[in-house]
Amino acid sequence: MKRIITNHLSPDLAKEKGIFEWPIWEKEVSVFNWEYDSDEHCYIVEGEVDIETSEGKYTLSVGDYVVFKRGLQCVWKIKKAIRKHYYFPEN
């Protein structure tokens, strides 16, 4: 099972889905390890990041809609300060 699922959404479609009502998380250029203890859905509105996992490397940027699955262990390498809307659905 893939631990990261990505799609690209237009801002209009993101707005239709109510994504811009979700909370915002921001982080400066940095590198850190992360493990997801629940699923997270997010939509990138600014910046660029490489996510390195045992499945490979994912580059995420503006307009990407991402689902990080519970149990994912990864390294975030933020190349341009990131700003994203995020949501934790009931698991």
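## Aromatic pairs

Across the whole structure, a search turns up ten aromatic pairs. Rings of Phe, Tyr and Trp (its six-membered ring) pair if their centres lie within 6.5 Å, with planes under 30 degrees apart counted as stacked, over 60 as edge-to-face and the rest as tilted. This is a predicted model, in which local features need pLDDT of at least 70 and side-chain atom pairs count only at pLDDT 80 or more, while totals for chains, interfaces and linings use all residues. Residues are numbered from 1 along each chain as its sequence is written, and side-chain values use heavy atoms, with hydrogens and water left out.

One of the pairs joins F20 and Y43 edge-to-face, at 5.8 Å centre to centre and 75° between the planes. F20 sits in the loop between helix 1 (11-16) and strand 2 (24-27), and Y43 belongs to strand 4 (residues 40-53), so their contact ties together parts 23 residues apart in sequence. Helices (H or I, at least four residues) and strands (E, at least two) are DSSP runs, numbered from the N terminus. F20 is partly exposed at 32% relative accessibility, whereas Y43 is buried at 3%. Here buried means under 20% relative accessible area, exposed over 50%, and partly exposed in between (1.4 Å probe, protein chains only).

F32 and W34 also pair edge-to-face, with 6.3 Å centre to centre and 90° between the planes. W34 is partly exposed, its relative accessible area being 45%.

## A ring cluster and a charge

Ring pairs connect W25, F32, W34, Y36, F68 and W76 into a cluster.

## Salt bridges

There are nine salt bridges in the structure, each a side-chain nitrogen of Lys or Arg within 4 Å of a carboxyl oxygen of Asp or Glu. One of them pairs R83 with E26, and their closest N and O atoms are 3.1 Å apart. R83 is in strand 7 (residues 73-87) and E26 in strand 2, so this pair ties together parts 57 residues apart in sequence. R83 is partly exposed at 25% relative accessible area, while E26 is exposed at 54%.

Another salt bridge holds E28 and K27, with 3.5 Å between the closest N and O atoms. Both ends are partly exposed: E28 has a relative accessible area of 47% and K27 one of 27%. E48 and K80 meet at 4.0 Å, N to O. That pair links distant parts of the chain, E48 in strand 4 and K80 in strand 7, 32 residues apart. Through shared partners, salt bridges join E48, D50, K57, K79 and K80 into one network.

## The largest pocket

The largest pocket has a volume of about 230 Å³. On a 1 Å grid over the protein atoms alone, a pocket is an open set of points where a 1.4 Å probe fits, with protein on both sides within 12 Å along at least five of seven lines, and lining residues have an atom within 4 Å of a point. Grid points are joined across faces, edges and corners, and a volume is the space filled by probe spheres set on the points.
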